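Welcome! Here are a few exercises to work through with the model on your screen. Try each one before you read its solution.

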Amino acid sequence: MDDWTPAAKPGPRPRGRDIDIWSIDLETPPLPIDELWAVLTDEEKARAERFHFDRHRRRFTVRRGAMRMVLGAYLKRDPKSLEFAKGPKGKPDLEPRDVPESRLVFNLTDSADLALLAVGADQELGVDVECLERPRDAGRLVERFFSEEERRVYEDLPDTLKTDGFFRAWTSKEAYLKAIGTGLSVPLRYSTVELDPRREPRIVSLGDAPEAARGWSLYAFKPAKRFVGALAIQRPENYIRTFRWQPA
């Protein structure tokens with residue numbers, strides 16, 4: 001999943017176990033900012049205008065505009081016409097949801113100057129990305145937010161792997177919470193994930209129930225230099241394609 005193919009627009013929409021992940025450069029987008037601004041709704045433009053700094057306003061515009069363009073291409077619809085709603089737990093969703101063949105699902109995340117958009121069908125998914133800079137208070141964050149098993153694994157890691165281990169766990173936990181749509185109303189320590197970067201990523205247990213994690217798949221990847229990401233999907237054996245959004 002570390003090979004990201006430049007693509008101007010999506011091919012056929014995902015079905016079954018297909019998952020597409022799009023990497024979006026927020027700092028130097030491939031399209032003029034005016035073209036991205038043009039596909040935003042009035043409400044989104046008002047949100048963008050509330051940012052104090054131009055850099056943040058620009059990143060919001062690129063993130064939302066690119067998301068609309070990619071999803072609109074999958075659905076063969078005008079990007080600006082897409083309507084979004086929130087599910088029972090507040091997770092963003094497309095409206096209307098009564099697509100005859102399958103329900104298109106998506107999740108958008110960003111960190112610094114990179115955004116990721118994951119798109120699938122008829123399954124819950126969540127994606128997270130973080131800039132790979134070791135926080136000065138990593139030990140305190142591990143103690144506060146990680147499970148007892150994760151804390152033990154983290155402490156046993158060589159110092160050279162602690163940063164990778166920390167971000168493996170952090171992005172995995174965030175991706176799972178985004179998939180179930182609860183945000184931080186469910187504590188990060190509720191999920192225990194494979195923290196050791198030398199091992200395959202997986203959700204070890206949810207709460208005190210290892211069996212509850214068996215229906216979930218977890219993937220770790222590097223979408224760009226200095227960034228790490230994770231994808232959580234409520235279905236095993238997925239076929240994942242990765243793209244770098246690069247419209248002509």
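Is F166 buried or exposed, and what is its relative accessibility? F166 counts as buried, at 3% relative accessibility; buried means under 20% relative accessible area, exposed over 50%, and partly exposed in between, with a 1.4 Å probe and protein chains only.

A word on the ground rules: this is a predicted model, in which local features need pLDDT of at least 70 and side-chain atom pairs count only at pLDDT 80 or more, while totals for chains, interfaces and linings use all residues. Residues are numbered from 1 along each chain as its sequence is written, and side-chain values use heavy atoms, leaving out hydrogens and water.

**Exercise 1.** Find the buried residues of helix α2 and say where they lie on the helix.

Solution. Start with the range: α2 covers residues 42–49, and its buried residues are E44, K45 and A48. (Helices are DSSP runs of H or I with at least four residues, strands runs of E with at least two, numbered from the N terminus.) Next, look down the axis of α2: the buried residues fall within an arc of 100°, so they line one face of the helix. The arc is taken from the directions from the helix axis to the C-beta atoms. Finally, look for partners: these residues pack against α1 (33–38) and α3 (54–75), where contact means heavy atoms within 4.5 Å.

**Exercise 2.** Classify the ring pair of F84 and F106.

Solution. A search of the whole structure gives ten aromatic pairs. Rings of Phe, Tyr and Trp (its six-membered ring) pair if their centres lie within 6.5 Å; planes under 30 degrees apart are stacked, over 60 edge-to-face, and the rest tilted. For F84 and F106 the centres are 5.7 Å apart and the planes at 70°, so the pair is edge-to-face. Last, check accessibility: F84 is partly exposed at 25%, whereas F106 is buried at 6%.
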